[in-house]
Amino acid sequence: MNEFMLKFIRLKNIIFISVMLFILSAALSGCGKGDGAGDGRPEYVYVPEYVEMDMECDYISCLASSGDDVFLSVSKWDEETGFTTNYLYRYNMNENKATRLSLELPENSDVSGMAPGADGSLIMIVNNNTFEMDEEGNVKDSKSIMEIWKVSMEDGSLLGSEDITELVAGKSDYAYVQHFCVDGQGNLYLSDGDNCIHIIDKEYKKVCDIDTGDWINNMAVSKEGDVYITSYGSEGLQLKKVDLAGKKIGDSVAGAPSGYGTQSYYTGVSSSLLHSSAGGVSRVDTASGTVETLFDWLDVDINSDYVNYVGELSDGRIWAITRNYEISGSATNELVFFTRKPSSEVPAKEEILYGTMWIGSDVKRNIINFNKTNQTYRIKVKEYGNDDYQAGLTQLNADMTTGNCPDIIGLDGLDYNQYANKGIFEDLYPYMEKHGMDRQDFLENVLEAYEVDGKLYGIVPCFQISTCMAKTSLVGERSGWTLTEMLDFVEGREAENIFDYGSRSSIFYYCIYNNIDEFINWETGECSFDGEGFIRTLEFAAQFPEEYDYNSVQEEGTSSKLRSEKILLMQGSISSVQQLQMMRGVFGEEISFVGYPNSERQGNLVQPTGGSMALSAKSKHKEGAWEFMQSFLSEEYQDSLISEHGGWGFPVRKESLEKQFEQDMKEEYYEDEDGNKTRQPKTTWGWDDFEMEIYAATPEEIEAVRELIASANKTGGNVDEQLTNIITEEAEPFFKGQKTAADVAQIIQNRIQIYVNENR
Amino acid sequence: MHFYMKRKERKKKTGSSPRTRRGKLVSAGYLLPSAVGVLLFFVLPFMIVIYYSVVDNPISGQFVFLDNFIMVFNNSAFRQAAVNTLTFSAVAVPLAVVLSLFLAMMLESKIPFKSQFRTFFLSPMMVPIASVVLIWQVLFHYNGMMNEVMGFFGADKVDWLNSSYAQVVIVVLFLWKNLGYNMILFMAALSSIPKDIIEVAVLESAKPNQIFMHIKLRYMSSTILFVTIMSLINSFKVFREIYLLKGEYPYPTMYMLQHFMNNTFGRLDYQKMSAAAIMMAVVMVIIIGILFLTENYFGKDVEG
């Protein structure tokens, strides 16, 4: 081999090694880096701009966009006249200017569809309802006529109308349109709320009816003028083109967004369609099946639950009209523009990750409010339980223990005790003290429910009490009982069932699973599943069916059965004073909240109703995370939980709870014909076939709720699935008559003893 | 001086040869991926396990030295798992070695249906573990075939999987699963024993048991060691079958060390799990060390 050859081989080796090293370094350097601006953010972001809509409007019933103009059919309640008036507005998005058009709708009319026509007019579907009244003023008969109105986009003048009632109603006597579109040729597409599309040409002559085969979820016209529908297939929502020439529905568009949940399509400007889902907004090109994700709703501080309409302007901005609901129930319309900007132009905020299995509406609302107002921090949400719940839980566990722990952890659906014991959560009492929050301002027993060894690991803004109720005349005045007392009570009576719909599993949940610490002494490590209480529970449960047959005919309602003592107990949650009033009505007499059997006779449990969360001990933004968390405990937020007619839980702040009680005791009156002030019910509540009017609460009822709340200092629903599996599996031979209760209890005792020993 | 110069010259010649240096570099280059792999996937995880075992938890990472080891050692579930695992291994491993050796010897002799027997004993290796467990459940369930047969002879039902008989079932399952593989290894070892030595022993009027004890057993000592180590490792893997039969918390006599580790992992008790794993690894190293020493002692004169 000559020197040249040797040099060549050496060079070849060097080149090979260099290439390999380059590939390796490229692969390694690629890890964790995206196309972003270098600080972890994407290159471009959408920035929201909130605009107040200058319109007389309570409710937007219909909307159609034509270029940068949006036409809105709105309704407005007039306090003085007591009537609702409908208006038509043209809203110029570029100038943020609303112009009320001259069109007037007759009384008892409504707009069920609106779209720009091919000839530059606005096409509206108008329902005219006429009512025939009897002598007493009650509706005897009603008639509805459906018309197409052609309206000038300039001034709202009516250019023409056509009755299409027969065309749409066909053989039925009622015409209904759920979705309405006009294609590029001016043909009108009206979906009937089921699975039929009526197609009418621009001369209002019927072209055809197309049966879609599936329920039509949504209908939209693309930029190209084609009409698309969405319907649910085997893999979720599918986007399909309406084939007018073939008079059929085409195949689903490959690559279009699928999945489940709320999804809507709108006419695109720079792409065929604009897609909006609970996640965010994307552009869809129907020809290539490509989807360009624009933004997530939470990243632009929008609650996806409130999004009503979405559109795109010629300058590339996206707009959305939202209807924002407050906790009190009031709602306002808001217009939001989203402008695409380079990340470098948007001030960077420190990101706080909120990790949860699923996010509740209250937490979502607070995150959006926090992100809108806080200049330093921004909360980003990661929902682990979106697709595969178990896989999500595993991922959350892995993240929490390997340094990727979210800064704030939503505790809904998690066994917070397990994580608190692992040192994953931060003690929140020092934060409360540091920020001047006195723990005595809050219900100590509710805080205690989230304590471990005197440290607070979770906050609960509002809660309800999970309990079990019985007639006081039967169980006496008590706020708890032991398992033996409970079994003595139910076994001494000849009731049809212990609960309505009672089964073995419900008895297990009531006697054992919600009360597992009764059988396990974690301090000594001793179990008592082979004891008398457990064996008696097994024997008692054996009298009931494995699962209740919900298809069986119910001759009596729950209230009637409770009153006649055919059933003895009722499990439920008390989340308001009104609910207590109703439960007393259901039983027909005084009730005792005995809760779940417990040796300390403290079986009432705290259940969060507006989220619960913990702070990660490893968070790098503890102050920012706490700033968000403490907003849930603020006076302002806690007071916002006060509800006029019974809310979704009690506020944890004592003063706010007292304000709620004051509200509950406030009498409501009306003036009768003679001008006398007469007491009137605050609301009507019902259970099963029972219904009652709820009046202002008495001090005694308030006191009963206070006592009920004070009796709960534990949370429920945290029993390990391992234990329920062992009990269910091993108890089965007893229920089948193959083994005695004592035998299966001994096996359960042995297996659970291992579990307990291992966990100590 | 002359001698010194010469040596130095020679040393220089061998030490700085470009060919040798290049050879070393090439060797290192070829070894590098493998070394990186070993470091990444074996050494690093082991270091992490050691780290986890001496901190209070992976989140706060406070050094607690041997506290986790003491806590795990005092844990009654761990002790029970250790006793169960040791008992099981002490019974199952010798049985697996002796019975498979016996079977191999039997198949070496002139008996009919040898290949059918061989296939029969090897077949459990081909059955997926989930099916094995299903078969075992059908056999040893409270209403299973075994109790049906016993009932036919008037015996009372036995709750095989929820009583002290549970470990017997597991030993039988383990043997059924492992005998075939061990048997093949022994058959290979038996066939590699030099025939001339055995012929000489026969000519010297050696009895069959003398041939077995002094020739065959000695020549097979390394195979016996290998089979013992493999059986020992497999005896720790019996957790898989028990887990499929009875889940995370079986009847106490079936609760093995790997249950303890699996369950603590599931509950994120990494420090507990790591301490248990290190203790188990130490015991394994000691046992395997003893086995190596034994093999060295018995097999040194035939390996040389």
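Residues are numbered from 1 along each chain as its sequence is written, while chains are lettered from A and ligands numbered from 1 in the order in which they are written. Since the model is predicted, local features need pLDDT of at least 70 and side-chain atom pairs count only at pLDDT 80 or more, whereas totals for chains, interfaces and linings use all residues.

The model scores are ipTM 0.82 and pTM 0.73. Confidence per residue is given as pLDDT (the predictor's confidence in each residue, from 0 to 100). Chain A has a mean pLDDT of 86, with 93% of its residues at 70 or more. Residues 19–37 of chain A have a pLDDT below 50, and beyond near neighbours in sequence this stretch has 8 contacts in the model. Two residues are in contact here if their C-beta atoms, placed from the backbone, lie within 7 Å. For chain B the average pLDDT is 86, and 92% of the residues score at least 70. Helices (H or I, at least four residues) and strands (E, at least two) are DSSP runs, numbered from the N terminus. Where pLDDT is low, the predicted coordinates should not be read in detail.

Domain bounds come from an automatic or database domain assignment. In chain A this gives domain 1 (47–346) and domain 2 (463–607 + 713–759), and the C-alpha centres of these two domains lie 51 Å apart. In chain B, domain 1 covers 16–53 and domain 2 covers 74–303. The C-alpha centres of domain 1 and domain 2 of chain B are separated by 35 Å. Their contact takes 4 residues from domain 1 of chain B and 6 residues from domain 2 of chain B. Residue classes are assigned as follows: Ala, Val, Leu, Ile, Met, Phe, Trp, Tyr, Cys and Pro count as nonpolar, Asp, Glu, Lys and Arg as charged, and the others, Gly among them, as polar. On that basis, the side of domain 1 of chain B that touches domain 2 of chain B has 3 nonpolar, 1 polar and no charged residues.

Between the chains, the contact takes 21 residues from chain A and 20 residues from chain B. On the chain B side, helix H4 (76–108) and helix H13 (257–266) each supply at least two residues. That side has 11 nonpolar, 7 polar and 2 charged residues.

The helix pairs are described by axes, which are lines fitted to C-alpha atoms, for helices over the stretch in contact, with angles from 0 to 180 degrees between N-to-C directions. Angles under 35 degrees count as roughly parallel, over 145 as roughly antiparallel, 65 to 115 as roughly perpendicular and the rest as oblique. A crossing is left-handed if the near helix is turned anticlockwise from the far one by less than a right angle, and right-handed if clockwise.

In chain A, the axes of helix H18 (residues 721–735) and helix H19 (residues 741–759) come within 9 Å and cross at roughly 160°, so H18(A) and H19(A) are roughly antiparallel. Their crossing is right-handed. Among the residues that meet are A:Ile726 and A:Phe734 in H18(A) and A:Ile748 and A:Tyr755 in H19(A). This contact has 12 nonpolar, 1 polar and 2 charged residues.

H19(A) also meets helix H11 (residues 532–541) of chain A, with axes that come within 9 Å and cross at roughly 125°; H11(A) and H19(A) are therefore oblique. H11(A) passes H19(A) in a right-handed crossing. A:Phe534, A:Ile535, A:Leu538 and A:Glu539 of H11(A) make the contact with A:Ala741, A:Ala742, A:Val744 and A:Ala745 of H19(A). These residues divide into 7 nonpolar, no polar and 1 charged.

In chain B, the axes of helix H5 (residues 114–126) and helix H8 (residues 166–191) come within 7 Å and cross at roughly 120°, so H5(B) and H8(B) are oblique to each other. H5(B) passes H8(B) in a left-handed crossing.
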